[in-house]
Amino acid sequence: MNDERAKEGASIAGPVLTIAVAKGRMQDEALRLLARAGIELDEATNGSRRLAVEDRCGRYRFVFVKPADVPVYVEHGIADCGIVGRDVLIESEADVLQPLDLGIGRCRIVVAAKRTEDVARNLGMLRVATKYPRLAAAHFGRRGIPVEIIELAGSVELAPVLGLSDCIVDLVETGRTLAENGLQVVEVIAESTGRLVANRASYQLKAEAVAALIAALGRAMESKE
Ligand code: PRP
């Protein structure tokens, strides 16, 4: 351990908590919130491609993974905590705790189509393209609407435009992607924001460290408002 880390009270045994952060749309906002909470990464690591880094104090190890993998790492206890969107958590159905709504990466999960009638007047099997197959199936299941779910990995908005599906279930943040592809919101299924999630065992066994993280993030959120 170097002098700087010793001064700041880092543990000799290494980082106390491992935190999985969703790469992509929410990453920058998550890092800004963490910085306001006093948890900072080195400038050099911010723009780098390193997937696992420690914060400056050596108290936390961060791993940057695809959003859908955050609940997997946390549920299996490889990461004690995670930062990921509610959309991903609904789809994953992972058994993780959700102690804090971080209010970042605000977006909506919607049904969208070229025309409202494409969904409303569909009498046969509705073809739904989506990156959220479970969430979409559950939504239309609750409405008693028979659907064929067409699972895609991205650029979902293309599906109705090219005739692959009647509608999509996808995220809308600014609405630009929908508008630029001639689609409109038919129905809002859910609102989504970034959540702090925690592994059940870590929440008990590392209670003090997890509570300190929750408190620091809570204060950072208040200072933003
Ligand atoms: C997401 C989402 C939409 C878009 C919405 O895709 O699936 O396509 O962003 O954002 P907007 O309302 O601000 O236009 P993402 O950028 O994650 O890429 P993907 O299509 O490859 O999944």
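Biologist: Which residue's side chain meets Arg195 in a salt bridge?
Modeller: This is a predicted model: local features need pLDDT of at least 70, side-chain atom pairs count only at pLDDT 80 or more, and totals for chains, interfaces and linings use all residues. Residues are numbered from 1 along each chain as its sequence is written, and side-chain values use heavy atoms, with hydrogens and water left out. A salt bridge needs a side-chain nitrogen of Lys or Arg within 4 Å of a carboxyl oxygen of Asp or Glu. At 3.6 Å, N to O, the partner of Arg195 is Asp101.

Biologist: How far apart in sequence are the parts that Arg195 and Asp101 tie together?
Modeller: Strands (E, at least two residues) and helices (H or I, at least four) are DSSP runs, numbered from the N terminus. Arg195 lies in strand 11 (residues 194-198) and Asp101 in strand 5 (residues 97-101), so the pair ties together parts separated by 94 residues.

Biologist: What separates the centres of domain 1 and domain 2?
Modeller: Bounds come from an automatic or database domain assignment. Domain 1 covers 2-105 + 193-224, and domain 2 covers 107-192. Over C-alpha atoms, the separation of their centres is 31 Å.

Biologist: What area is buried between domain 1 and domain 2?
Modeller: Buried area is the accessible area (1.4 Å probe) that two parts lose on being put together, summed over both. Carbon and sulfur atoms give 44% of it. The area is about 990 Å².

Biologist: Which residue meets the side chain of Glu93 in a salt bridge?
Modeller: Side chains of opposite charge can pair when their charged atoms come close. For Glu93 the N to O distance is 3.0 Å, and the partner is Arg134.

Biologist: Which helix gives the most to the side of domain 1 that touches domain 2?
Modeller: The helix in question spans residues 86-92 and gives five residues to that side. The name is helix 5.

Biologist: Which residue has a side-chain N or O atom 2.5 Å from an oxygen atom of the ligand?
Modeller: Ligand oxygen is also 2.8 Å from a polar backbone atom of Glu173. The distance to a polar backbone atom of Gly175 is 2.8 Å. The side chain at 2.5 Å belongs to Thr174.

Terms used: A polar contact is a pair of N or O atoms within 3.5 Å; within protein, one must be able to donate a hydrogen and the other to accept it, and residues adjacent in sequence count only if both atoms are side-chain atoms.
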